[in-house]
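Hi there,

Here is the structure I promised to pass on to you. Have a look at it first, and then read on for what turned up in it.

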Amino acid sequence: MSWHPQYRSSKFRHVFGKPASKENCYDSVPITSSVHDHHFCAVNPHFIAVVTECAGGGAFLVIPLHQTGKLDPHYPKVCGHRGNVLDIKWNPFNDFEIASCSEDATIKIWDIPKQLLSRNLTAYKKELVGHARRVGLVEWHPTAASILLSSGYDYKVMIWNLDTEESVIVSPVRTITCHQDVILSMSFNTNGSLLATACKDRKIRILDPRLGMVLQEANYKGHRASKVLFLGNLKKLLSTGTSRWNNRQMALWDQDNLSVPITEEDLDGSSGVLFPFYDVDTNMLYVVGKGDGNIRYYEVSADKPHLSYLTEYRSNNPQKGIGVMPKRGLDVSSCEIFRFYRLITSKSFIEPVSMIVPRRSESYQEDIYPPTAGAQPSMTAHEWLAGVNREPILVSLRPGSQLMSRQPLRPERPLSSSAVPTSPLPLDPTAKRTAQDRQRPYSLLEEKVSRWAAEHRPEETKSWLTNGFDIFECPPPKTENELLQMFYRQQEEIRRLRELVTQREVQAKQLELEIQNLRMGSGQF
């Protein structure tokens, strides 16, 4: 009896990785030679930040996303740390604010100017001082504004509230001291109420970050975890590490029971760390190997088999680090569902790799772009510290989707002889009228003019945001599809304005006729 694999219907079965052309890559970038197992890269829709080498301290580069090609060897750096920079993370709610941690045991918050850097940036916005040893990881809260977590080689996790006026913060709002060794990885769940950590003592812990209390702890000896990740709202965790026989392995865990993993899967015998990335919107898991050029991707489901292998992207150039673009920065016109930025140290090269769902239609694909987390926090830092939990604020990636209706034009009043919708022309001062005769037409006109002005009072200007941009600022289109959509919007606006001008001309003629009638009526008295 032959065995036939079960057929799985999935819209992501044919996802493929598409590397950017050379002119759209970043060349001659001095990538750090640090041996720590971190990403060394952070990306948002405006900038790409890369940890670099710097004599006499630590530094990183902040390159505008559109500035591809060969990098100037004297390009300005963000340098203010006295030791090597180990991790950098962009604020998810502010594309011009980034956090960095270093071997000098400090965390610094930087404001990146919107214009290009002309010289090295050394003035930081805030400095967080609390760790006794070097700080290895930083992590922003996914839903609360101004909340930052850091973990150091003093085995402590510290929670910082940046919503203060102090430039130097020396006391965190909470210090978690339950770990017995160096923390290798941290991950928040979707609403930020739970924190998962992987530690060098081979234990995975689920914590309540506000109380500093351990809720679950894994003591499983068959899997040595180095990275851990919450899988959205599936109430599961995924960890990557090594097996008993030193094979690279990933394991799936039940969030409520960490005694034994749900499933384990050996990948290969390489020694590099595996970086997991999970896309909550598509339920796809990407596993990136450090020291090789592979990016494996899986589809995750709540039912068995929980992990369904799709395929992998392969390259001959190994990556040392990796950066990931947030969903709001993707190109939806080309059906791009994920984008990596591979740090290739052998060539001092950064290569974007887009994960594409092949579709024939160029229209917006609603089924592969569900509402995703936007760039607006759902609560303040004080609300989260007080115990409030809120889900992320979701936005649609459809171009113009946030614009439910344009700034509405006031509905036109029906044309009638009793309505005067435009400002009156001045009366002839040479006309001879008695005081009583002059008062009546003037009072009628003033009453009608004031009534029309009240009804046509301009509305307050509103800001309609689409994918993080104000549509009335008209951001330049990036693709042919966006250019066509902007062209159609402008044509519609021109048509509406022409109709409005025509209506105003008719109203002006009616006003002239009414003024003549009033003058003739006043002359009969």
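Is Lys108 buried or exposed? With a relative accessibility of 1%, Lys108 counts as buried. Please keep in mind as you read that this is a predicted model.

Side chains of opposite charge can pair when their charged atoms come close. Lys108 does this with Glu127, and their closest N and O atoms are 3.0 Å apart. Since Lys108 belongs to strand β10 and Glu127 to strand β11, the pair ties together parts that are 19 residues apart in sequence. Glu127 counts as buried too, at 10% relative accessibility.

Another pair to find is Glu97 with Lys125, a salt bridge of 2.8 Å from N to O. Glu97 sits in strand β9 (residues 94-102) and Lys125 in the loop between β10 (106-111) and β11, so this pair ties together parts that are 28 residues apart in sequence.

Next, the backbone. Arg202 has a positive phi of about 70°, although it is not a glycine. You will find Arg202 in the loop between β18 (195-199) and β19 (204-208), where it is partly exposed with a relative accessible area of 45%. Ser348 is another residue other than glycine with a positive phi, near 50°. Its place is the loop between β30 (336-344) and β31 (349-356), and at 28% relative accessibility Ser348 counts as partly exposed.

Do look at the peptide bond from Lys304 to Pro305 too: it is cis, with omega near -10°. Pro305 is in the loop between β27 (295-300) and β28 (307-313).

Last comes the surface. Tyr124, Val129, Val168 and Val170 make a nonpolar patch of about 300 Å² there. Of these, Val129 lies in strand β11 (residues 126-129) and is partly exposed, at 31% relative accessibility.

Enjoy exploring it!

Best wishes

Note on methods
Residues numbered from 1 in each chain as written. Predicted model: local features only at pLDDT ≥ 70, side-chain atom pairs only at ≥ 80, totals over all residues. Heavy atoms only, no water. Patch = residues over 30% accessible without salt bridge, like charges linked within 9 Å, V, L, I, M, F, W, Y side chains within 5 Å. Areas by Shrake-Rupley, 256 points an atom, 1.4 Å probe, with all protein chains shown as cover. Salt bridge = Lys/Arg side-chain N within 4 Å of Asp/Glu carboxyl O. Helix = DSSP H or I, 4+ residues; strand = E, 2+ residues; numbered from the N terminus. Buried < 20%, exposed > 50% of the residue type's maximum accessible area, 1.4 Å probe, protein only.
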